[in-house]
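Subject: Structure for you to look at

Hello,

Here is the structure I promised. Please open it and keep it in view while you read my notes below.

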Amino acid sequence: MRPISVRLGIDLGGTKTEIMALGANGAVALRQRIVTPKDYGSLMRAIADLVKVADAQTESCGSVGMAIPGSESFGSNLIKNANTTYLNGRPLRHDLETLLGRPVRLANDANCFALSEASDGAAAGAGTVFGVIAGTGVGGGVVVDGKVIGGAHGVTGEWGHIPLPAPTVEEVTTAPLCYCGKRGCLEVWCSGPGLAADFKRLTGRDSTAGEIAASDGADERAAIGRLTDRFARAMATMVNILDPDVIVMGGGLSNIDRLYDELPPLVEKYGFNLGGPPRIVKNTHGDSSGVRGAAWLWPQENV
Ligand SMILES: [Zn+2]
């Protein structure tokens, strides 16, 4: 057993891949970003180079965690559901461990977000953390006592594809189709594109989620009100099941400040006799949460 002195986190994104080295105290010792290679072989070589440079600069053999845009299939350990499609069907963790000569931990982006905020972000010190990402899509991850809860199928916290709870008649009749094949998923209502589509349906006007959020117009404020109510119904469902100490929000929609005032009492209203509003906070680490959470996939003092 040896103490981890340096944790390496790698965030494998669709366009950029980033490595970060965190020292024992969580301080950033190194950060480097490259364009994500176009094929699997080039990616492997690029990651080996990034880790080699990080090891040399930190004079260490760091632990390696990676945030991936997909998940590992249970049993086969092959990657699935990655939008960097050349990863799908690949034994990524096995290949990295062979290449780097050390164990590697993988987790999807939303889990890394939750872990980053639970480790030293907006939910630091909280026992049960539900991390929510609401941007282009809606995702989520659950961290309990500093550990990501993967689940039997690797989908813990994937609330983006539960049906919108307690839908109104109007929501039932206008529920859009989701890319996953089902109709009326939370993601088609509470993502940035979902907000823009809802606004267009009721006003006939084209606006982006950012424009709607920034406007003081009555239609725009009403659209944010509907979004808030939908989020609240879905969060109340999660609170009744998980009862997290903190819900941390990330992604583009997390920049809507109204949410932090209006969501807690609404979630309390829709929840089961909570006895008080839940704690719902904005993230601390923003775009760095993937790479930081990847590094924190090795939380223990020793390996
Ligand atoms: Zn869906």
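Start with Asp 198, which is buried, with a relative accessible area of 1%. Keep in mind that this is a predicted model.

What does Asp 198 form a salt bridge with? The partner is Arg 226, and the closest N and O atoms are 2.8 Å apart. Arg 226 is partly exposed, at a relative accessible area of 21%. Find Asp 198 in helix H6 (residues 192–203) and Arg 226 in helix H8. These parts are 28 residues apart in sequence, so the pair ties them together.

Now move to Arg 233. It forms a salt bridge with Glu 171, again with the closest N and O atoms 2.8 Å apart. This pair links distant parts of the chain. Arg 233 sits in helix H8 (residues 218–242), Glu 171 sits in helix H4 (residues 169–174), and 62 residues separate them. Are these two buried or exposed? Arg 233 counts as buried, at 6% relative accessibility. Glu 171 counts as buried too, at 5%.

Arg 233 has another partner to check. Asp 229 forms a salt bridge with Arg 233, with 2.9 Å between the closest N and O atoms. Both residues lie in helix H8, four residues apart, which is about one turn of the helix. Asp 229 is buried, with a relative accessible area of 19%. The cut-off for buried is under 20%.

Salt bridges that share partners join Glu 171, Asp 198, Arg 201, Arg 226, Asp 229, Arg 230 and Arg 233 into one network. The total count is 17 salt bridges.

Next, the sheet. It is open, has five strands and mixed pairing, and runs in the order E3-E2-E1-E4-E7. From one strand to the next, the twist averages 15°.

Look at one pairing up close. Strand E1 (residues 6–12) and strand E2 (residues 16–23) pair in the antiparallel sense, over seven bridges. Leu 12 has Thr 17, in E2, as its bridge partner.

Last, find helix H2 (residues 92–100). Helix H2 packs on the sheet and touches strand E4 (63–68) and E7. The direction of H2 makes about 145° with that of E7.

Best wishes

Terms used
Residues numbered from 1 in each chain as written. Predicted model: local features only at pLDDT ≥ 70, side-chain atom pairs only at ≥ 80, totals over all residues. Heavy atoms only, no water. Pairing = 2+ DSSP bridges. Helix = DSSP H or I, 4+ residues; strand = E, 2+ residues; numbered from the N terminus. Axes fitted to C-alpha atoms, helices over the stretch in contact; angles between N-to-C directions. Contact = heavy atoms within 4.5 Å. Salt bridge = Lys/Arg side-chain N within 4 Å of Asp/Glu carboxyl O. Buried < 20%, exposed > 50% of the residue type's maximum accessible area, 1.4 Å probe, protein only.
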